[in-house]
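Colleague: I would like to learn how to read a structure like this one, step by step. Could we look at it together?

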Amino acid sequence: MYSSFDQVQDYDGYWDAGVSEVDLRFWDDAHRAVHHDFLDHHLPARPGRMVDVGCGLGHFVAAARARRPDWDTSGYELSAPAVAWAPAEPGLAGFVHEGRLEDSGLEPGSVDVVTMWDGSEHLSRPQPPPG
């Protein structure tokens, strides 16, 4: 992925007023079909480790853990209120982490699949991966 778009990476304010029922319905309803399609038809059959970058409220993480429990799935999110909300939701306690993937401590090569749903618009000048 490459873009020359330049913006300040500002995540302050995401869900600072709390997670509303409207947020929950919108983000879940808007993505459920594509999440399920990916999990049912595009994720390899063999078990592995998957990380969702910019997981927001964790809807994809919850869907993956429910539909593909053979996969070790977790997510990383920069919004502290979103991460604080997640532990109360079924299937998310301990699987949605605050912070950047680069700071996660995950060993290189330890993840089989990385997803990023609705995240590229938050990247300032994304560059292709090295190598």
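Colleague: Which residues make up the largest nonpolar core?

Modeller: Please note at the start that this is a predicted model, in which local features need pLDDT of at least 70 and side-chain atom pairs count only at pLDDT 80 or more, while totals for chains, interfaces and linings use all residues. Residues are numbered from 1 along each chain as its sequence is written, and side-chain values use heavy atoms, with hydrogens and water left out. In soluble globular proteins, nonpolar side chains tend to be buried together. A nonpolar core is a set of buried Ala, Val, Leu, Ile, Met, Phe, Trp, Tyr and Cys residues joined through side-chain atoms within 4.5 Å, where buried means under 20% relative accessible area (1.4 Å probe, protein chains only). Here the largest one has ten residues, namely Leu-24, Cys-55, Leu-57, Val-61, Ala-82, Val-83, Trp-85, Ala-86, Leu-92 and Val-96. Helix α3, residues 80-85, gives the most to this core, with three residues. A second, separate core of nine residues includes Phe-38, Leu-39, Met-50 and Ala-63.

Colleague: What does Trp-85 touch?

Modeller: A contact means heavy atoms within 4.5 Å. Leaving aside residues up to four places away in sequence, Trp-85 touches Val-19, Leu-24, Leu-57 and Leu-92.

Colleague: How many helices and strands are in the protein chain?

Modeller: Helices (H or I, at least four residues) and strands (E, at least two) are DSSP runs, numbered from the N terminus. The protein chain has three helices and four strands, which follow the pattern α-β-α-β-α-β-β along the sequence.

Colleague: In which sense do strand β1 and β2 pair?

Modeller: Two strands pair if DSSP finds at least two bridges between them. Strand β1, residues 49-53, pairs with β2 in the parallel sense over five bridges, and Met-50 stands opposite Thr-73 in β2. On β1 there is also a parallel pairing with strand β4, residues 113-115, over three bridges, where Asp-52 stands opposite Thr-115.

Colleague: Is Tyr-76 buried or exposed?

Modeller: Tyr-76, which is found in strand β2, residues 72-77, is buried, with a relative accessible area of 11%. Among the residues that Tyr-76 touches, not counting those up to four places away in sequence, are Val-51, Val-53, His-97 and Leu-106.

Colleague: What share of the residues of the protein chain count as buried?

Modeller: Of the 131 residues of the protein chain, 31% count as buried.

Technical notes
Buried < 20%, exposed > 50% of the residue type's maximum accessible area, 1.4 Å probe, protein only.
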